[in-house]
Amino acid sequence: MKEYDIVIIGGGPAGLAAAVSAKKNGIKNILILERDKELGGILNQCIHNGFGLHTFKEELTGPEYAEKFIQQVKEGKIEYKRNTMVTDISPKKVVTAMNHEEGLFEIQAKAVVLAMGCRERARGALNIPGYRPAGIFSAGTAQRFVNMEGYLPGREVVILGSGDIGLIMARRMTFEGAKVKVVAELMPYSGGLKRNIVQCLDDYGIPLKLRHTVVDIKGKKRLEGVVLAEVDERGKPISGTEEFYSCDTLLLSVGLIPENELSMAMGVEINPVTMGPEVNEILETSMEGVFACGNVLHVHDLVDFVSQEAATAGKNAALYVKMGNTRKRKGKKILLNAKEGIRYTVPGAIHVENMDENLMVRFRVDNVYKNCYINMYLNDERVMHKKCLVLTPGEMEEIKLIKEDLLSYPNLKTITLKIEEA
């Protein structure tokens, strides 16, 4: 059985950045395992620009952004295997994988970085009645068809869900000559970034119907149309509000789910809100020496933030390998509580003594809030009262924890984040 210091599961933006960071932090024996035929992950089909402004201080397309990290991996002589599927990771960090050249094989790792990304929620999760005709795709599948395979899925399009991929595909399909008739969103707010609503819908006159969903699908062999209806506060369709849209294509942009079957099978503790691993201040999961980063941990808006987080995971995996069992979780465990408008925080718990000097905590809110405050409490004492003009679920927020400040509270048990409306 071959041994590696660090094995990284996934060769997308998170896996690449983690590998580069681990290399810079002194680890030479690194292996990336990627199930696709090329490195870069989802970035390869994201040919629109807007990537890299934080990381490289220039505006890049997805493939350009990925290529910058791929070149760093090659220059660092970091080993990788493509077309390789990981089937199991044992609690002792034995990785089982397979590919065409080697068949089934095992690798012993000293540390593992989980960077498998996420997948789209499919039609089966939506309980939409009607037949199953051709012409219904997830937005990401349609994006791959158009941008990489050279196929146009259809000419008349309805999009359900206003996540960023759906918004971007509304613009992309319009560029290719299709007519995007409407984007419907179940929630009273969009799930995407504000800039994507403006640049992908408003600029092209594509209507966005909030509090609407698909209640029926017409057509047997090929999609002929869909019926939209308004929904109430509980998400139930309101009778009498039905509206028919003729179309030959329905794109679903109804959420992303972290790819955590491997994580759960090996016994990693999963956060029920994010559906990603619970991690501490060094992005280590509940299993010692197993780290997680990127969209497998929680779904991000910007790939730049994925790269930042993955660099942290790679650095901490490197430190774990170099220090071995001497890097124990020092000090008592401090819980981060997400309350009153905050859906979750990453990390969910920290050991202050084990922190770097600064720790970025990322979180999302559960609704649209205007003229509000983000409050942070150390135990019961409010230490932050930050004014925000707008907070939306589609945009990830962050606050910085300072180690020196936390150490001045020797009896600290909980850090609580909550929203207070003005």
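Which residues of α1 are buried? The list is Pro13, Ala14, Gly15, Leu16, Ala17, Ala18, Ala19, Val20, Ser21 and Ala22. Before going on, a reminder: this is a predicted model.

Let's stay with α1. The helix has 12 residues. From first C-alpha to last, α1 reaches 17 Å. Now the burial. 10 of the 12 residues are buried, so α1 is largely enclosed by the rest of the structure. What do those buried residues pack against? They pack against β1, β2, α2, β6 and α7. In residue numbers, β1 is 2-9 and β6 is 103-114. Just after α1 comes Gly26, with a positive phi of about 95 degrees.

Next, helix α2, residues 62-75. The buried residues here are Gly62, Tyr65, Ala66, Phe69, Ile70 and Val73. They cover an arc of only 135 degrees around the axis, which puts them on the same side of α2. That set packs against α1, β2, β3 and α7. On the chain, β2 is 30-33, β3 is 79-81 and α7 is 303-323.

So how do α1 and α2 meet? Two packed helices are described by the angle between their axes and the distance between the axes. For α1 and α2, the axes cross at roughly 35 degrees and come within 9 Å. The crossing is left-handed. From α1, the contact uses Leu16, Ala17, Val20 and Lys24. From α2, it uses Ala66, Phe69, Ile70, Gln72 and Val73. By class, that is seven nonpolar, one polar and one charged. Look back at the buried sets. Leu16, Ala17 and Val20 are among the buried residues of α1. Ala66, Phe69, Ile70 and Val73 are among those of α2.

On the α3 side, look for Ala139, Gly140, Ala142, Gln143, Val146 and Asn147. On the α4 side, look for Ile165, Gly166, Ile168, Met169, Arg172 and Met173. The classes in this contact are seven nonpolar, four polar and one charged.

Pick out one residue there. Met173 sits in α4. Is Met173 buried or exposed? Its relative accessible area is 0%, and the cut-off for buried is under 20%, so Met173 is buried. Which residues touch Met173, once neighbours within four places in sequence are left aside? They are Val146, Leu152, Pro153, Gly154, Val157, Ala178, Val180 and Leu251. Now Ala142, which is 31 residues from Met173 along the chain. Their C-alpha atoms are separated by 9.2 Å.

Compare a residue in a strand. Leu208 belongs to β11, residues 208-210. Its relative accessibility is 28%, so Leu208 counts as partly exposed. Leaving aside neighbours within four places in sequence, Leu208 contacts Ser162, Val183, Glu185, Ser190 and Leu201. Ile197 is 11 residues away in sequence. In space, C-alpha to C-alpha, Leu208 and Ile197 are 8.8 Å apart.

Last topic: backbone exceptions. Most residues other than glycine have a negative phi, and most peptide bonds are trans.

One is Lys77. Its phi is near 55 degrees, a positive value in a residue other than glycine. Lys77 lies in the loop between α2 and β3, just after α2. At 71% relative accessibility, Lys77 counts as exposed.

Another is Asn83. Phi is near 50 degrees, again positive in a residue other than glycine. Asn83 is in the loop between β3 and β4, and β4 is 85-89. Its relative accessibility is 39%, so Asn83 counts as partly exposed.

Then there is a peptide bond. Which two residues does the cis peptide bond join? Val346 and Pro347, with omega about 5 degrees. Pro347 lies in the loop between β19, 342-346, and β20, 349-350.

Notes. Residues are numbered from 1 along each chain as its sequence is written. This is a predicted model: local features need pLDDT of at least 70, side-chain atom pairs count only at pLDDT 80 or more; totals for chains, interfaces and linings use all residues. Side-chain values use heavy atoms; hydrogens and water are left out. Contact means heavy atoms within 4.5 Å. Helices (H or I, at least four residues) and strands (E, at least two) are DSSP runs, numbered from the N terminus. Ala, Val, Leu, Ile, Met, Phe, Trp, Tyr, Cys and Pro count as nonpolar, Asp, Glu, Lys and Arg as charged, and the others, Gly among them, as polar. The expected span of a helix is 1.5 Å times one less than its number of residues. Buried means under 20% relative accessible area, exposed over 50%, partly exposed in between (1.4 Å probe, protein chains only). The arc is that of the directions from the helix axis to the C-beta atoms. Axes are lines fitted to C-alpha atoms, for helices over the stretch in contact, and angles run from 0 to 180 degrees between N-to-C directions. A crossing is left-handed if the near helix is turned anticlockwise from the far one by less than a right angle, and right-handed if clockwise.
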